[in-house]
Amino acid sequence: MFKHDLGDGAYLQPLEPRHAQEFLDFLTANREHLLEWLNWEHLFGLEEAQKYLAQGMTRYAEDSLPWVGIWQDGRMAGGVLFFPVDKRTKSSEIGYWLGRGFTGRGLVTRAARAMLNHAFGELGLKRMALLAATENRASRRVAERLGFTLEGVLRKAGLCKGQTVDLAAYSMLAEEWARLEAAPQ
């Protein structure tokens, strides 16, 4: 399995069932922060965490888009995942999360950029979607920093803390990504 250096002591590597305890500890430490926007209420035990991470490995084997953890100085800080690839349209959806103590360092932006380079570059995907609760300003700022286009709002299309919420629907096309990555930083 690969390990991708993000700089400043941060790196990405695929999340595997062997990370289940560390993942569970991370979730436990960040449960209130993460459950504000993620529907991971079912991930309370080691067995559930192992099954969840095994699902990511299955997806990786199917479409070469790994679910990756972000580590900062040897500690799990967050992650990036993809939904199944639509092989007809060569498209997918990206999601990400970050623990409370790791915000404000650009970790998710750097991690998502690395994974988008993989998706658009090596895998040749044509479109990437990104959905975020309209009230999730941090997640929306990441999408905007990466250059995603806001396509609109999906009314009452998401679920956060048992309540339906509006979702901001973003997208990135391969040619847009290529232009953004080629532009001087």
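1. Helix 3 covers residues 107–122 of this predicted model.

2. The buried residues of helix 3 are Leu107, Val108, Thr109, Ala111, Ala112, Ala114, Met115, Leu116, Ala119 and Phe120. Just beyond the helix, Gly124 adopts a positive phi of about 70°.

3. Helix 3 packs against helix 5 (residues 174–182): their axes come within 11 Å and cross at roughly 125°. The two helices are therefore oblique to each other, since an angle from 65 to 115 degrees would count as roughly perpendicular and one over 145 as roughly antiparallel. The crossing is left-handed. Helix 3 contributes Arg113, Leu116, Asn117 and Phe120 to the contact, while helix 5 contributes Ala174, Trp177 and Glu181. By class, this contact of helix 3 with helix 5 has four nonpolar residues, one polar residue and two charged residues. Leu116 and Phe120 belong both to the buried residues of helix 3 and to its contact with helix 5.

4. A further helix pair is formed by helix 1 (residues 20–35) and helix 2 (residues 46–63), which pack at an angle of about 110° with their axes 9 Å apart. That angle makes helix 1 roughly perpendicular to helix 2. The crossing of helix 1 and helix 2 is right-handed.

5. In the contact between helix 1 and helix 2, Ala20, Gln21, Phe23 and Leu24 of helix 1 meet Leu46, Ala49, Gln50, Tyr52 and Leu53 of helix 2. By class, this contact has seven nonpolar and two polar residues, with no charged residues.

How values were computed: Residues are numbered from 1 along each chain as its sequence is written. This is a predicted model: local features need pLDDT of at least 70, side-chain atom pairs count only at pLDDT 80 or more; totals for chains, interfaces and linings use all residues. Side-chain values use heavy atoms; hydrogens and water are left out. Helices (H or I, at least four residues) and strands (E, at least two) are DSSP runs, numbered from the N terminus. The expected span of a helix is 1.5 Å times one less than its number of residues. Buried means under 20% relative accessible area, exposed over 50%, partly exposed in between (1.4 Å probe, protein chains only). Axes are lines fitted to C-alpha atoms, for helices over the stretch in contact, and angles run from 0 to 180 degrees between N-to-C directions. Angles under 35 degrees count as roughly parallel, over 145 as roughly antiparallel, 65 to 115 as roughly perpendicular and the rest as oblique. A crossing is left-handed if the near helix is turned anticlockwise from the far one by less than a right angle, and right-handed if clockwise. Contact means heavy atoms within 4.5 Å. Ala, Val, Leu, Ile, Met, Phe, Trp, Tyr, Cys and Pro count as nonpolar, Asp, Glu, Lys and Arg as charged, and the others, Gly among them, as polar.
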